[in-house]
Each structure stands twice: as C-alpha cells, then as structure tokens.
Amino acid sequence: MHGRPRKTAKAEDLVASAAKAEKLRQLQSQLLRNHNDRIYNKEALEICSKLLEVNPEVYTAWNYRKLAVQSNLESCGDHEVVQSIVNQELKIAEIALRRNPKCYGAWQHRKWILNLGSDKADFDQEFRLLDQLLKADSRNFHGWNHRRFVVALKNVKEEEELNFTTEKINTNFSNYSAWHNRSVILSHLMKQNAPGFDPREKVLTEELEFIHQALFTDPDDQSGWFYHLWLLDQIIARDSPFLISSWPAHGTEVILSSNTSVKDFQHFESTEYAQYIRALPIVLYFNQAVKGVNSTTVTVESIFTENVDLIWKPLSASNSVEAHCWVTYLNISERDCNSLEPYSINVSFGNTQGLVSSDGCPLSYACQCEFSLKISPYSPGSCSKESNVNMVHWDNENFSRSEFLQIRPFLMSYQRQKIIANSELLISEWCSETLSREIMLFRKLISEINCKIAKLTLGRLLIARNFILSRGIQLTKNRTHFEETLQLYDDLIRLDPSHIGYYKDQRSLVLMDQVTSDEESLRKHCWLPKELSLTSAGQSVCLRLNKLSLTRIGFVERLLWVNMLDLSHNELQSVEGLEAMQLLSHLNLSHNKLSSMTALEPLRPMISLQALDISYNEIGAHSIDTKRYQCASSPLSHPAGTCGDVQGFEDFDPEEVKLYWDAILIFKHLHLTQLDVVGNPILNEPFSSLMIRLVPSLQWLDGRPAQQS
C-alpha cells in the first residue's frame, strides 16, 4: 500500500516466496504447452484454475479459458453440461475477484461468460457478490461498471438503481462512484422523459437539495462537489445547437470599397480587407460545435455566387469536421464593382435536416439573417500587390481616444431573442432563479469557512449566471458579479498554486466576458490608430486588450467585427479562437509566452491578415518542443499514403523544411505586408531569408523594408 515502509524480508519468507515462484513457473509452462497444443480437457483446465488462484493477473490464462469454453460448448449440446460450464467459470472468476477485487481480467471474463449464457446465470448470486464487493470497497469502479452491465442485462428498472445509489450515498457521502452512477442514471431518465422525471427542472431542484446535505455535512470532501458541478452543467446546458453570432450581422449594411476595404455604417470598418482577394466572408458562430454545414443545409441568396457553389469551412485549429464557427466566401467580380446600388444577401438555415451537434441534435429553430452589400466603383490598380503600405506602429502615442467614437456590439444586433419559444423563456427564468439561490447559499458557506472548492464552485455559479443572461433572454437585467468572480480566482491562485494554470485561464475568460459584455466596457478598450484613422468611408477602430494578464482568448463571437486587435503584454501560450475573426487585418501578439510556431496555427485561415507582430515571445527557446508534433498540420500527423500540405515542401531546401516546416505551413497561407519577429530565439538570417521568399507580399520585416532585412 502507498505510504507504508518496506520491511526487510525474513529468511522463511524468502523461502516461501521462492517456492511460490517455482510453482508459478511450472503452472505457466504447463498452461502454455496446453494452449499451444489446444488441449482443453478437465486436467488442463484444472492447471489453469490453479494458476489463476496463485496469480489472477495472467491474461493468457483467461484467454485460454475462453477458448476452452468455446471448444467445449461446440462439442456438447447438453443443457446440464452447459449450465455446469457457466457456473464453473463464474466460480473461477469469483475466486479471483475475492483475491483481487480490481483484477481486470477476472471482471472481463465474468462479463464475457454472462453474455455467453445469460439465460443460465444466477443473477441473484451476481447481485449478492456485487453487494459484498462494494461493501468492502464502495468506490470500486470495476464493481460499479459490472453492476451497470448486469442491470442492463437483466432489464432492471433504472428507478430501482437510482434508489440503490441513494442508499449507498446515505451510508457514505464520500462515495464518488455512487454519485457518478446517479448522474448516469438521471441523464438517461431525463432524456427519455420517464414518468416522474419530467419536467427536468423539478428533478434538478430536488437533486440540488439532496447534494446540499452532503456538501454542508463535509465541505472538504470532493465527491459531492463533482456531482454539484454535473448538476450545474445540466442547468445551463442545452442539447440543441443555436446561432449566437454572425458576420455580417443581421440588418446591417456593409460597404466594400474599390480597394476591397469593408466598412459599414456603424463605424465598424475592416481597413484594406482582403486586399488581394475579392471575397466577402460570411461567418456563422454557434453555441456548440456543429457539423453538416454545407450548401444543402445553409442557403445563401445573392447575385454573386450560386448557393450550390459555396463551400463552407469549419474554423477549427484541430482540423475537425465539427466546429463552433463556419465560414464561406462570396467572390466579388470586377463587373459587380461598377454598381452603386446595394445588393441584398439572405442567409437561412434550419429548414432542412443535416446541420446537427456532435451528439446528433438538430438546430433549435430555423434562422434567417439578411444584410445588404454596397460596392463603390472599382478603380483599376487600386488593389495592386505592388502598392506601398505604410508600416503600422503599436506604441501608445500612435493611438488616440475619441468621445465621438460609437461602439455597438454586433452580438446584440442579432435579435435571436425574438426567435426563442415562450417555453424556453420560462426555462431560462428558472435557470437564473436557481443559480441566484445557489449563489446566495455558497456565499454564506464561504463567509463561515475558508473552503477552496466552495470558492471555485461560487466562481462557476457566477459565470453560469452571466452565461444565462448573455443568451439575450433577460435583456432588462444587467450582468454583474464580474469583480467578485475575478477576486475569487485571485484568491484561488494564491491558495492553490498547484492549479494556477487552470485558475488563470478561467480568470481570463471572465475578464474577456467583462470587457465584451456591453458598449460601455468595449468603449474603454477601443482606440483610433492615427496612421489608419483617415479613410474614404470612416474610421478604423483598434481593440486594445493589452496588459490584462490574459492566458486564454474567449468570447470571440462578440468580436467578429474587429479588424485591428492588440493582445500584447499578456501571458498567451496559444491564440486558439482567433480563427473566427475573419476581418482581422492587424494583430499584435508581442510580449506573450508563445513557445512555437505551431501556437500560431489558428491564424492559417485568416486571409485578410496583413500586419502581424509576434516579437518578444519564446519561439525557438525550447530545444525540444513536443507541441510541434501535436500540430494538426504537422507532416507527422498525416496518415501513411496521404499528402495533405506536405506537397508544399518541394520548393524548399530539405534543411529549411527540417528546421522550419511549421513556419512554412503557417505563413505560406498568409498575405502579410508586415511581420515582426524580433526578440524570439528562432530569429536568424536563414529564417529572415525564408520569410521574405515565403511571403512575397511582405514589405516590412522587423521594422525595416523586407528587401533590406
């Protein structure tokens, strides 16, 4: 056992151990000979039984017994003999389990036998054995897994099993396995709308009252807290996906200038958007990962491209077929740039089957998003690749504030609250009221004891309540508690430094939620870049989220309109999430903790990105960077016989590919005019030379003209 000092073996113990080892070797040799010669008689099985009594962990012995059972059953059809074989195998497995209750081989063999002859098994004996084993160790997950298997095999009512978990929990609040089994049973009962378990709000309310008894009896025991976390997820989670944000937003007018800059009437400009590619992105952002987004499930009505020709792509760093965010591009021809009349574009989905969540749940409701596109006259040569571009400076003196700057979060412009059914309004009100009661309860608990996990739970409750309010259902109520939640995570960082990474990530999400929650909060972080402020149609806005100690990026669905973003002087190790920001043209990631080029992989699909600052990170500082080989587009991640992006390496020197394959994969997709890499260990003359050849549009490298670098 753990924590027990090892004692020096006595002479007689050594002799007994040597004799046991010799007996074990003899039995193993006999078993292997019988196995090889396919001998399955009574004497051979007896040798196998003796071996398993000495050491139940010999997997070959269990497999041998399976072959023996199959052979003997094929040669005998007598009912009594078959019954005898089943009983004998169950007895052997029981002896092994009483010797070692956590023997994988014995549990698997017992399950296999029951599947083979369930009509001949004594299920009462099976439950008696399980009761004895779980009484000896109530947290034996092997026993709980086997009990679920036996219950399903015998078609025991789930309500009876739920009562069994109640009995075990009342005996011992610390029985994590019982809490887990309870969650499994309740999930199924509520999903099936079983009698007595509908509506789910009534069930969850009763379960909260039940778990409170455990939490307040022993607040330091973690078993009940995990079950409370599961209940919290049931309160706020929804099976059906729904749209939470889109770009262009519903009801807006987008202006595409002659140099393909995108602007709208709300001063949300995307300066020099898609400078060399005449394509307008349409972005759909859902509350959970979905699949099946294509021209069949989503209809885009416009004069530019036939709907059937549109290709929807998932924006995910993992290259998955499922994603929260999906994008397609409307190609704008020069012929379309000569009209002064606005074009109407309509996006609709949910009217046909196929667009579903990861679990196969369809959309909550059909949705329609309509916006207009106005294109100013095309000027030949205005979007030439050879045109000079001024270098962007990120210093404070290059930005200014304006009291006339108007910010309106695009998330709110999508009026999804008008689509949600009245029944869902009532459910969300119940969610908010339930969470408010839980918040008050745990505030009281924290005021009485200094409990780390209670602080964490309170923080999660506050986040959950803000999440419910952010769904646009209760627009009359202000979302609050940000400062309280941030303080809770600050306390946890101090009290529990072993989990500091998790706490910092959660704190970052809360801070991002606070910053993007309303117009007033956003305004504090929006600045006007002096060098880009004067354009033909309005002003550029830079969202400055620098010096916030962010370790994670979140709530990007509220930032789809942003074209200039400053995330410098934070603690970011990844930029996952930015792939959804298809209008982003200027990005500052300097002075963070990015340790490799693969951390930049989410930037690959951002065709509008022009200026990128990754200076003063840690790229190249680590001689062994395992993240390079976890990269979804790594050559090592492609199955044998596939090429993927590996075909793009033939134009480069093998030594360059060996050293910089990740940089090649990422930067060859971008149309950068400015790149800053200074301050990273990876920077040297060969790397600079590679970047200039890899990105032909590059005009500025580390503050100097690219040709001089």
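# Reading rings and charges in a predicted model

Modeller: Let us begin with the overall make-up: the protein chain has 19 helices and 19 strands. Please keep in mind that this is a predicted model.

Biologist: Thanks! What share of the 709 residues counts as buried?

Modeller: Of the 709 residues in the protein chain, 52% count as buried. The accessible surface of the chain comes to about 34200 Å², and carbon and sulfur atoms account for 50% of that surface.

Biologist: And among contacts between residues at least 6 apart in sequence, what percentage joins residues at least 24 apart?

Modeller: For this protein chain, 68% of those contacts join residues at least 24 apart.

Biologist: Where in the fold do Tyr-40 and Tyr-64 lie?

Modeller: Tyr-40 is in the loop between helix 1 (11-37) and helix 2 (42-54), while Tyr-64 belongs to helix 3 (residues 59-74), so the pair ties together parts 24 residues apart in sequence. Tyr-40 counts as buried at 15% relative accessibility, and Tyr-64 also counts as buried, at 0%.

Biologist: Which label goes to the pair of Tyr-176 and Phe-226?

Modeller: With ring centres 5.8 Å apart and planes at 85°, Tyr-176 and Phe-226 make an edge-to-face pair. Tyr-176 sits in helix 9 (residues 176-191) and Phe-226 in helix 11 (residues 222-236), so this pair ties together parts that are 50 residues apart in sequence.

Biologist: Are those two residues buried or partly exposed?

Modeller: Tyr-176 counts as partly exposed at 35% relative accessibility, and Phe-226 is partly exposed too, with a relative accessible area of 44%.

Biologist: Which residues form an aromatic cluster?

Modeller: Look for Trp-179, Phe-210, Tyr-227 and Trp-230, which form one aromatic cluster.

Biologist: Let us turn to charges. How many salt bridges does the structure hold?

Modeller: It holds 22 salt bridges. One of them joins the side chains of Glu-322 and Lys-291, at 3.9 Å from N to O. To read that value, compare it with the cut-off of 4 Å. This pair links distant parts of the chain, 31 residues apart: Glu-322 is in the loop between strand 6 (313-314) and strand 7 (323-331), and Lys-291 is in strand 4 (residues 279-291). Glu-322 counts as partly exposed at 22% relative accessibility, as does Lys-291 at 29%.

Biologist: And where do Glu-519 and Arg-523 lie?

Modeller: Both lie in helix 17 (residues 519-523), four residues apart, about one turn of the helix. Glu-519 is partly exposed at 34% relative accessibility, and Arg-523 is partly exposed at 29%.

Biologist: With which residue does Arg-544 form a salt bridge?

Modeller: Its partner is Asp-566, and the closest N and O atoms are 3.2 Å apart. Arg-544 lies in strand 13 (residues 542-544) and Asp-566 in strand 14 (residues 564-566), so the pair ties together parts that are 22 residues apart in sequence. Arg-544 is buried, with a relative accessible area of 5%, and Asp-566 counts as buried at 0% relative accessibility. Elsewhere, salt bridges that share partners join Asp-131, Arg-147 and Glu-161 into one network.

Biologist: Back to Arg-544: over which ring does its charged end sit?

Modeller: The charged end of Arg-544 sits over the ring of Trp-527, 5.8 Å from the ring centre. The charged end of Arg-401 also sits over the ring of Trp-527, at 4.6 Å from its centre.

Definitions and conventions
Residues numbered from 1 in each chain as written. Predicted model: local features only at pLDDT ≥ 70, side-chain atom pairs only at ≥ 80, totals over all residues. Heavy atoms only, no water. Helix = DSSP H or I, 4+ residues; strand = E, 2+ residues; numbered from the N terminus. Buried < 20%, exposed > 50% of the residue type's maximum accessible area, 1.4 Å probe, protein only. Phe/Tyr/Trp six-rings, centres within 6.5 Å; stacked < 30°, edge-to-face > 60°. Lys NZ or Arg CZ within 6 Å of the ring centre and 35° of its normal. Contact = heavy atoms within 4.5 Å. Areas by Shrake-Rupley, 256 points an atom, 1.4 Å probe, with all protein chains shown as cover.
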